[in-house]
Amino acid sequence: MAEREDAVAGAEAVPGERGDGWAGAFVSLGDGWDHGDGAGRRPADEAGKGVVVAFGQTMKTLRLREGLEREEFGRRLGYSASTIASFEQGRRIPSPRTIERADEVLGAGGLLCLWKEQVERAQYPVFFQGMAALEKEAVELLSYDTLVVKGLLQTEEYMRALLRMRRPVLDPETIEQRVAARLIRQDIFDRWPAPLLSFVMDESVLRRPYGGRDVLRGQLEHLLLVGRKPNVVIQIMPLSCEESAGVDGPFTIVTRKDGKRFVYAEAQGTSALQTDPEQTTLTAARYGIIRSQALTSRESLEFIEGVLRSL
C-alpha cells in the first residue's frame, strides 16, 4: 500500500519575500497544486519538474548500481513497478518517508535524503510555496471567511461540491487531485506541538447548502467536532450583527515560530502575501475586533447545533 503523503513543503523562508513589505501578488487557480493517485504527487511547475527529474535520475542510477529491477525495488518500498518508473521519470513525487526508505534500500548513505526538501517543495507552484511553508511552521493561524467554509475545515463532500461549481469546469481527475491535496493540509490539526487555530465565519457560510442538505449537514457536524479540539476556536458572526470589522473580505493571518506574522488573502483567482510589520499588525488588530463582534466559542457551537437541527 502506498503511504499517505505529507503534502506540506519544508521551506524555512517565504519565497519572494522582499524588504518592501510584500511577498508579492501571485496568480492563483484555487489550491494551486496537483495531487497524484496516492502513489505520488505531480510537480506543479517547470522549475519543480527539473528538480523531480534530477532526483528520479539519481534514484534510478542508484537502483541500477544495486542491480535491482523495478519490480523488486518497488516490492521493498511497497509500490508497483509502474509507480517506481513514474518516480524515476519525474512524473510523480515520492513522499519524504518513501525517499528515506529508498535511501536505506539502495544503501545511498543519505544521498537521496539530501533531496527531500527540494522534492517536497516541488509539488507547489512558486506563488503558493510561501503559504505552504507557513502553514507547516505556524504556531498560530487566524482566519476570517465570508463565502465558504475554510479549506482546512472542509469535509471531502463539501470540497467536491465546491470544486464542481468552478467555472471553467474542472475535469474529475483534477477535482480528486485537489480534494486529496486539501485533505493532506488538514494534518495541521494533528501536529504537535499543537498550533493555536482560530476561525471566524459569517452565519451565511453555515446556511448555504452547497452540494445539498446532506453535504451541509455533514459539514456542520464536522465543524462541531473540530471546534471542540482544545487548540481550536470557531466563532460565528451572526447576520443580526449590525457592525463588522470584516467588511473588506476574508483573510488569513499566520504567525511563524520566530514570531514573524504574515497575512494571506485570495480573491477572484489572485492572491497576495503581506509581510509588512505595520500592515500585519493592523490586520491582526482588525481580526481581534472581528472576534469581539462575533459570538463566543461556546455560543457559536450552540448556534451551529441550532442550524444543524433546522436542516
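Reader: What makes the largest nonpolar core a core, and which residues have the most contacts inside it?

Author: In this predicted model, the largest nonpolar core has 34 residues, and those with the most contacts inside it are Leu-153, Phe-189, Leu-223 and Ile-304. The label applies because a core is a set of buried nonpolar residues joined through side-chain atoms within 4.5 Å. Among the elements that give two or more residues to this core are helix H6 (126-137), helix H10 (213-226), strand S4 (232-237) and helix H12 (297-310), and the largest share, six residues, comes from H10.

Reader: Which residues is Ile-304 in contact with, once its neighbours within four places in sequence are left aside?

Author: With those neighbours left aside, Ile-304 is in contact with Leu-206, Leu-220, Leu-223, Leu-224, Ile-234 and Ile-236. A second, separate core has 20 residues, including Phe-87, Ile-93, Leu-106 and Val-119.

Reader: Why is Arg-160 called buried?

Author: The relative accessible area of Arg-160 is 18%, and since buried means under 20%, Arg-160 counts as buried. Arg-160 is found in helix H7 (residues 156-164), and, leaving aside its neighbours within four places in sequence, it is in contact with Ile-175, Glu-176 and Val-179.

Reader: How many disulfides are counted?

Author: The count comes to zero disulfides, where the rule asks for a pair of cysteine sulfur atoms within 2.5 Å.

Reader: What makes strand S7 (residues 270-274) largely enclosed by the rest of the structure?

Author: Four of the five residues of S7 are buried, so the strand is largely enclosed by the rest of the structure.

Reader: How do you know that S6 and S7 pair, and which way do they run?

Author: Five bridges join S6 to S7, and because pairing requires at least two bridges, the two strands count as paired; they run antiparallel. Within this pairing, Val-263 stands opposite Gln-274 in S7.

Reader: Where are the cis peptide bonds from Arg-167 to Pro-168 and from Trp-192 to Pro-193 placed?

Author: The bond from Arg-167 to Pro-168 has omega near 5 degrees, and Pro-168 lies in the loop between H7 and helix H8 (172-185). For the bond from Trp-192 to Pro-193, omega is near 0 degrees, and Pro-193 is found in the loop between H8 and strand S3 (196-202).

Methods: Residues are numbered from 1 along each chain as its sequence is written. This is a predicted model: local features need pLDDT of at least 70, side-chain atom pairs count only at pLDDT 80 or more; totals for chains, interfaces and linings use all residues. Side-chain values use heavy atoms; hydrogens and water are left out. Buried means under 20% relative accessible area, exposed over 50%, partly exposed in between (1.4 Å probe, protein chains only). Contact means heavy atoms within 4.5 Å.
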